[in-house]
Amino acid sequence: MEKLYNPLSGKHRRQGLTYKVEASEIEQFNELGYLILNDVLTEAEMQTLDPWFEHFIMGKEKEKMAKDFCDMSQPYGTPFEEFRLVNAMLPSLYREEFANNILQQVTQNIANQLYQHGQAAMDYEQFLAKKPTKEKAEFAMHQDLGYWPKTKNTWTATFSLALNDADVINGCLYLIPGSNKEPALRTHKPKDYSQQEEDGTVNRDDSHTLVIEARPDDQLKYLPVKRGSLTIHDERIVHGSGGNSSKDWRKTYIIAYRDVNTIAEERAIGFTHSHNDTVNWEEIIH
Ligand SMILES: O=C(O)CCC(=O)C(=O)O
């Protein structure tokens, strides 16, 4: 299967809002749980997203956003000057003018091609950034499903657009190809173990981050991508990202698609992917 990954230029594959995904790529996504698509947005399109990235990552909406503007590597309440892994959840919710942007439109088209058994819709989005020279700006290893409530259908395609070139030095995404096929979800624990209650339950009031322990035979694959290209991963693949030891930021815009019925199920229990959601995790977690 690994040979299916084909880092071709994508320039000829965009037509209007359509980006042609090859059958072999759909098969790779289904089997190995991830995909890289190159040159998804043009430079001119990227420049329409850049000012929004700056706006949100510099905390311009932070009063309204509360816990949706946070550091994914440290507890809530950490002052911005000390942030390492800056996370701005649900930007279109806080600024409606950002909704229906070019990445949302093109990734909807790609999600429709990847998901052939139902209707895919955008579930949530986030800007994620690693400040320069922050070696601890790590996104702890996890499976996305470990963070989310139980739903009947778990299908997910999470797109991560590189707003600048991402590589191993500035902390690009890594994953374990094929780990999406493991029979059971791995155990997720709070990153800061002080947040685990005595009975083992997870307290998400102080920080959002969960982590799984690496296994000795885990084979990490790093996914460097150029500005304008993106990675896609599913809800079960084991993944994370390392710290940033470069002098530049690592800048990402993430959009996740799920089945429309799954999204309705989530919303019915008050789960919107906002860190400000008040849901009873004990009742709904996997
Ligand atoms: O891009 C990263 O650094 C990690 C993102 C991630 O874990 C996710 O989108 O699920």
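This briefing covers the ligand site of a predicted model and then several individual residues. The model is predicted, with local features requiring pLDDT of at least 70, side-chain atom pairs counting only at pLDDT 80 or more, and totals for chains, interfaces and linings using all residues. Residues are numbered from 1 along each chain as its sequence is written, and side-chain values use heavy atoms, with hydrogens and water left out. The space taken by the ligand is the largest cavity.

**Ligand site**

- A cavity is defined on a 1 Å grid over the protein atoms alone, as a set of points where a 1.4 Å probe fits but cannot get out. A molecule sits in a cavity if more than half of its atoms lie within 2 Å of its grid points.
- The elements β6 (120–130), β7 (139–142), β14 (239–241) and β15 (250–259) each give two or more residues to the shell around the ligand. Strands (E, at least two residues) and helices (H or I, at least four) are DSSP runs, numbered from the N terminus.
- Around the ligand are L128, K130, F139, H142, D144, L173, H233, H239, S241, R250 and I254; a residue is near a molecule if one of its heavy atoms lies within 4 Å of it.
- By class, the shell holds four nonpolar, four polar and three charged residues. Ala, Val, Leu, Ile, Met, Phe, Trp, Tyr, Cys and Pro count as nonpolar, Asp, Glu, Lys and Arg as charged, and the others, Gly among them, as polar.
- H233 has a polar side-chain atom 3.3 Å from an oxygen atom of the ligand.
- For H239, an N or O atom in the side chain is 2.9 Å from a ligand oxygen atom.
- For S241, the distance from a polar side-chain atom to an oxygen atom of the ligand is 2.6 Å.
- Taken alone, the ligand exposes 290 Å², of which the protein buries 97%. Accessible areas come from the Shrake-Rupley method with a 1.4 Å probe, and for residues only the protein chains shown count as cover.

**Polar contacts of buried residues**

- Buried means under 20% relative accessible area, exposed over 50%, and partly exposed in between (1.4 Å probe, protein chains only).
- A polar contact is a pair of N or O atoms within 3.5 Å; within protein, one must be able to donate a hydrogen and the other to accept it, and residues adjacent in sequence count only if both atoms are side-chain atoms.
- T78, in the loop between β4 (69–71) and β5 (85–89), is buried at a relative accessible area of 14%. The side chain of T78 reaches the backbone oxygen of P75 at 2.7 Å.
- S246 belongs to the loop between β14 and β15 and is buried, with a relative accessible area of 16%. The side chains of S246 and N244 are joined by a polar contact of 2.8 Å.
- E45 is part of helix α2 (residues 43–57) and counts as buried at 16% relative accessibility. A polar contact of 2.8 Å links the side chain of E45 to the side chain of R14.

**Backbone with positive phi**

- L90 is not a glycine, yet has a positive phi of about 50 degrees. L90 sits in the loop between β5 and α4 (91–94) and is buried at 8% relative accessibility.
- H273, also not a glycine, has a positive phi of about 75 degrees. The loop between α6 (260–268) and α7 (281–284) contains H273, which is buried with a relative accessible area of 5%.

- E265 lies in helix α6 and is partly exposed, with a relative accessible area of 26%.
- E265 and T151 are 114 residues apart in sequence, while their C-alpha atoms are 6.8 Å apart in space.

Key:
1 Å grid on protein atoms, 1.4 Å probe; cavity = no way out; pocket = protein on both sides within 12 Å on 5 of 7 lines; lining within 4 Å.
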